[in-house]
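Welcome, and thanks for taking a look at this one.

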Amino acid sequence: MRDRSVEEHLRQVRPHPVDTTSWERPPEPDQVDPAVLGALLRRHGWQRRGGAPGRYGRWTPPGPGGSGTSLLVPESRAFPDSDDLLGEALFALARSNTPSAREVLVGLAVPSDEIRWWRDIPTGPAGAAPWTVEEQLRAAARQMLLAAALATRARAGYYGARHRRPAAASLEHVLVGSAPGGRQLTAFVPVDTGRTLAVRLHQALYATREAIDYQRATGGMDAFDGAVEAGVSRELTEAIVALVRGTEGARIAVEWAPAAGVPEGCAAPAEAVEFSPGDLPVLRAAGARYLREEPSMPVRITGSVVRMRRSGPRGEGTVRMQVIAGAEVGHVRMTLDEESYRIAGHAHLVGLPVRVHGRLESRGGFRRLTGASGVVPVQVDEAERDRLMKSLQENLDFFEEACSGED
């Protein structure tokens, strides 16, 4: 079972900034720490090949074609010509066609924790891959980021529609890199707005790996219960399944921003967490377990009635309500008895929100309220009431028709 709202929100993650013209200019030399630049070059595969020890190093890009290009990077600002060397190095990076050069510039301009995904997929002729492979990687990576964002809002085995909107909004500043061939993808999570997300994903991935290993060793699923506190959820297990499905294996690594250091309680360097097709049955079973065992909850919701429906002029009816307060969901549906349905109709016509008691059911993604009762309009201030009453008088015929239950 797939949650359509997950996919709708995943499409909102921003593309990588290197696709825009605003990233054609490198950072200013006085804004760059030479040590951070050196750390980023090393992270992205550049090799230090000589230089003057204690003064500057000569760096060449990764791959066989990098022998003709080199950067001179000072080791610190104590070197007399550090600004000149940094300016030349940054200019060369901006002009370079090497993908890693662009990623180094992004890491300098926006101090970010980098999340990397690798997929081992069968290659076609001349190393080509189906065009759908890249889309699958991007979708799985974004689904994983959303699962981590949900875990920063609350701990739950299954979120459904809960916390979806603020979690998706927290991804707006994540920068997503290119995915050539659908085998590798990098996301840059800005430290100032997203470090909590990166830390939560780091912890949740390790907890998932440990829970899978525990299940394989003992046959028990108990470790997945405790893993919820580390951020593991049905949403995360589904994201890992989407990442691994159709591959020979996949890896995820979180690399901390050199300018910000390693978060407390996290490893440095953090090793990549690996998953294989053999893990998929356990992950699917864990997801089903989370869905089955996440309990419904009593709530008192305040919201605006946006849709009403019933089969005849009398009896119970179905109401859809936009939630204002009381639950971390956008909308809920409920079935109301005749009297409660009439009250909801009155409130809808005069523009008043209503308050209702019930249980938010996990089945269906926490979008349905069962046992709804105690439906009452919520009072507003006098100015708002005058506006609403004026609207009622202008639509009095419709008001009387709806309240009588006639179609």
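## A buried aspartate and its partner

Let us begin with D279, which counts as buried because its relative accessibility is 1%, against a cut-off of under 20%. Please keep in mind throughout that this is a predicted model. The side chain of D279 meets that of R216 in a salt bridge, with 3.1 Å from N to O. R216 sits in helix α7, while D279 belongs to the loop between β8 (273–275) and α10 (280–293), so this pair ties together parts that are 63 residues apart in sequence. R216 itself is partly exposed, at 48% relative accessibility.

## Another pair, within helix α7

Helix α7 spans residues 191–218 and also holds both D213 and R209. These two residues are four apart, about one turn of the helix. They form a salt bridge whose closest N and O atoms are 2.8 Å apart. Are the two partners buried or exposed? D213 is partly exposed, with a relative accessible area of 39%, whereas R209 is buried at 16%.

## A network of charges

How many salt bridges does the structure hold? There are 15 salt bridges in the structure. A network of them links R43, E103, E114, R116 and E255. Within that group, you can pick out the bridge between the side chains of R116 and E114, at 2.6 Å from N to O. Both R116 and E114 are buried.

R307, R309, R333 and R368 form a positive surface patch. Take R333 as an example: its place is in strand β11, which covers residues 331–336. R333 counts as partly exposed because its relative accessible area is 36%, and the range for that label runs between the 20% and 50% cut-offs.

Next, please find L146 in helix α5 (residues 131–153). L146 counts as buried, at 2% relative accessibility. Which residue 22 positions away along the chain has its C-alpha atom 6.4 Å from that of L146? It is A168: the C-alpha atoms of L146 and A168 are separated by 6.4 Å.

S100 is placed in helix α4, residues 99–109. With a relative accessible area of 9%, S100 is buried. Setting aside neighbours within four places in sequence, which residues does S100 contact? Its contacts are with H44, W46 and P62.

## The protein as a whole

The protein has 13 helices and 13 strands. Of its 407 residues, 47% count as buried.

Among contacts in the protein with a separation of 6 or more, 68% are between residues 24 or more positions apart.

Notes: Residues are numbered from 1 along each chain as its sequence is written. This is a predicted model: local features need pLDDT of at least 70, side-chain atom pairs count only at pLDDT 80 or more; totals for chains, interfaces and linings use all residues. Side-chain values use heavy atoms; hydrogens and water are left out. Buried means under 20% relative accessible area, exposed over 50%, partly exposed in between (1.4 Å probe, protein chains only). Patches are made of residues with over 30% relative accessible area and no salt bridge: like charges are joined within 9 Å, nonpolar side chains (Val, Leu, Ile, Met, Phe, Trp, Tyr) within 5 Å. Accessible areas come from the Shrake-Rupley method with a 1.4 Å probe; for residues, only the protein chains shown count as cover. A salt bridge is a side-chain nitrogen of Lys or Arg within 4 Å of a carboxyl oxygen of Asp or Glu. Lys and Arg count as positive and Asp and Glu as negative; His and the chain ends are not counted. The place of a charge is taken as NZ of Lys, CZ of Arg, CG of Asp or CD of Glu. Contact means heavy atoms within 4.5 Å.
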